[in-house]
Amino acid sequence: MRRCCSGDGGSDEVLDASTLSYSTRVKWFVICFASGILCSILGTALLFLPNGTKLFAVFYTLGNLAALSSTCFLMGPLKQLKRMFEPTRLIATCVMLLCLILTLCAVFWWGKKGLAIIFCILQFLAMTWYSISYIPFARDAVMKVFTSCLS
């Protein structure tokens, strides 16, 4: 384990993913990401139960948060936050976070099930757009496909 040499009492070490071994980081990434997928699938299954919209919204949102948080184990929370708010990801990140909040507002405060489902769809689209931003030229390829399909 690496020791922190800064004079701030070790806060850099706590917030740096490199303090964990590579295998530990990968294990926790897989656990967190798989939990996120499981929550999203469970939420989708609960949607078809009577009054399952609230459970769907909660589990789907928790699943997306877990999947998003899983990358903190690979690169560390501070680096993750910095990369989330880079100009290339800023809009996708803001839309995704806003839709996470609006999904829960729609189902718990406004009582609008249809709106909650729309926000979950927008969560999925924003999360997908955010995720492919880490793959070189993936966004360009997606845009080309959509442009060629529409023309």
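The lining of the second largest pocket divides into nine nonpolar residues, one polar and no charged. Here Ala, Val, Leu, Ile, Met, Phe, Trp, Tyr, Cys and Pro count as nonpolar, Asp, Glu, Lys and Arg as charged, and the others, Gly among them, as polar. The model is predicted: local features need pLDDT of at least 70, side-chain atom pairs count only at pLDDT 80 or more, and totals for chains, interfaces and linings use all residues. Residues are numbered from 1 along each chain as its sequence is written, and side-chain values use heavy atoms, with hydrogens and water left out.

The volume of this second largest pocket is about 170 Å³. Its lining consists of I91, A92, V95, L125, A126, T128, W129, I132, V142 and F146. The elements that give two or more residues to that lining are α5, α6 and α7 (138–150). Helix α6 gives the most, with five residues.

How are such spaces found? Rolling a probe the size of a water molecule over the atoms shows where empty space is left. The search runs on a 1 Å grid over the protein atoms alone. A pocket is an open set of points where a 1.4 Å probe fits, with protein on both sides within 12 Å along at least five of seven lines; lining residues have an atom within 4 Å of a point. Points are joined across faces, edges and corners, and a volume is the space filled by probe spheres set on them.

Now take the largest pocket. It holds about 340 Å³ of space. Its lining has 19 residues, and the closest to its centre are F33, N64, A67, M127 and S131. Two or more lining residues come from each of α2 (22–46), α3 (53–75) and α6. Here α3 gives the most, with seven residues. The lining splits into ten nonpolar, nine polar and no charged residues.

Step back to the whole fold. The protein chain has seven helices and zero strands. Helices are DSSP runs (H or I, at least four residues), strands likewise (E, at least two), numbered from the N terminus. Of the 151 residues, 32% count as buried. Buried means under 20% relative accessible area, exposed over 50%, and partly exposed in between (1.4 Å probe, protein chains only).

W109 sits in the loop between α5 (90–108) and α6. W109 counts as exposed because its relative accessibility is 66%.

F119 lies in helix α6 too, but F119 is buried, with a relative accessible area of 12%. Its C-alpha atom is 10.0 Å from that of C105, 14 residues apart along the chain.

E86 pairs with R89, the closest N and O atoms being 2.6 Å apart. E86 is partly exposed, at 31% relative accessibility. R89 is buried, at 4%.

Technical notes:
Salt bridge = Lys/Arg side-chain N within 4 Å of Asp/Glu carboxyl O.
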